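Here is a short report on charged side chains that pair up. Have the sequence and the model at hand as you read.

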Amino acid sequence: GVAPRALRSVQAWRFPQVSKVQRIQKEAHPEKETPQKAKPVPIKKRRPADELKEIAVAHVERIRELLNRLRREKDKPDPTIFHINQELQYLREFHGKDRTRFAMTVMQIAQLFLDEGMVQQAIACLKEAREGAPGDPYPLNLLIVAHAREGSLERAEAVFNEAKSLKLANE
C-alpha cells in the first residue's frame, strides 16, 4: 500500500505552473480532414478496502509514534503537536466522503489520546467520529470515559442519557 508519508511527499513536489505553453496545431488539409473523437475522461478507480485499511492503520501508527515523541520531548511539545494536527488533517483529506471509515480510524486515535491523558484532543476526535458514525455506540462509550477522566461527571451522564435516548445504551 501507499504510506501517508509517500502521499505527502508527492503532494509537496507538485509545482505551480509558471507559464502557459501553446499547443502546436497541425495544418489542416481539407481533403484529409476527419473528425476527432473526444478522449474519454479516465474514471478514478476506487481503492480496494484492504488498501484503505492499511493506509488508515498507517495514520494511526504515525500518530502513535508522534505521541511517543511527545512523551520524550516534554520541553518542546509545539512541533510535535503541530505534526499530530497535520496528520489528522491528512487523514480527513484522505477519507473525504467515506465518513464511516474515517470515524473508525479517528476512534482509534481518540483511544490513543485517552491513553496519553490528552482528554481534550480525544473529545474533539470523538465528536468527529460521532458525525461519521451516528449509530455506533463506541464513540459515545469513549466520550463518556473521556468526560469522566476530565472530571466532568455531569457531561458523562448527559452523554449516557443521550445514548439511552438513541437506544444505543443498555440501562
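The sections below cover the salt bridges of this predicted model.

## Overview

Side chains of opposite charge can pair when their charged atoms come close. A search of the whole structure finds seven salt bridges.

E87 and R62 form a salt bridge, with 3.8 Å from N to O. E87 sits in helix α3, residues 78-95. R62 sits in helix α2, residues 49-72.

E87 has 2%. R62 has 14%. The pair also belongs to a network: salt bridges with shared partners join R62, E65 and E87.

## Helix to loop: R71 and E116

R71 and E116 meet in a salt bridge at 2.5 Å, N to O. R71 belongs to helix α2, while E116 lies in the loop between α4 (99-115) and α5 (119-132). The pair ties together parts that are 45 residues apart in sequence.

R71 is partly exposed, at 42% relative accessible area. E116 is partly exposed too, at 31%.

## Helix to helix: R130 and E162

R130 pairs with E162 in a salt bridge, and their closest N and O atoms are 2.3 Å apart. R130 is in helix α5 and E162 in helix α7, residues 153-165. This pair links distant parts of the chain, 32 residues apart.

R130 is partly exposed, with 24% relative accessibility. E162, at 31%, also counts as partly exposed.

Conventions: Residues numbered from 1 in each chain as written. Predicted model: local features only at pLDDT ≥ 70, side-chain atom pairs only at ≥ 80, totals over all residues. Heavy atoms only, no water. Salt bridge = Lys/Arg side-chain N within 4 Å of Asp/Glu carboxyl O. Helix = DSSP H or I, 4+ residues; strand = E, 2+ residues; numbered from the N terminus. Buried < 20%, exposed > 50% of the residue type's maximum accessible area, 1.4 Å probe, protein only.
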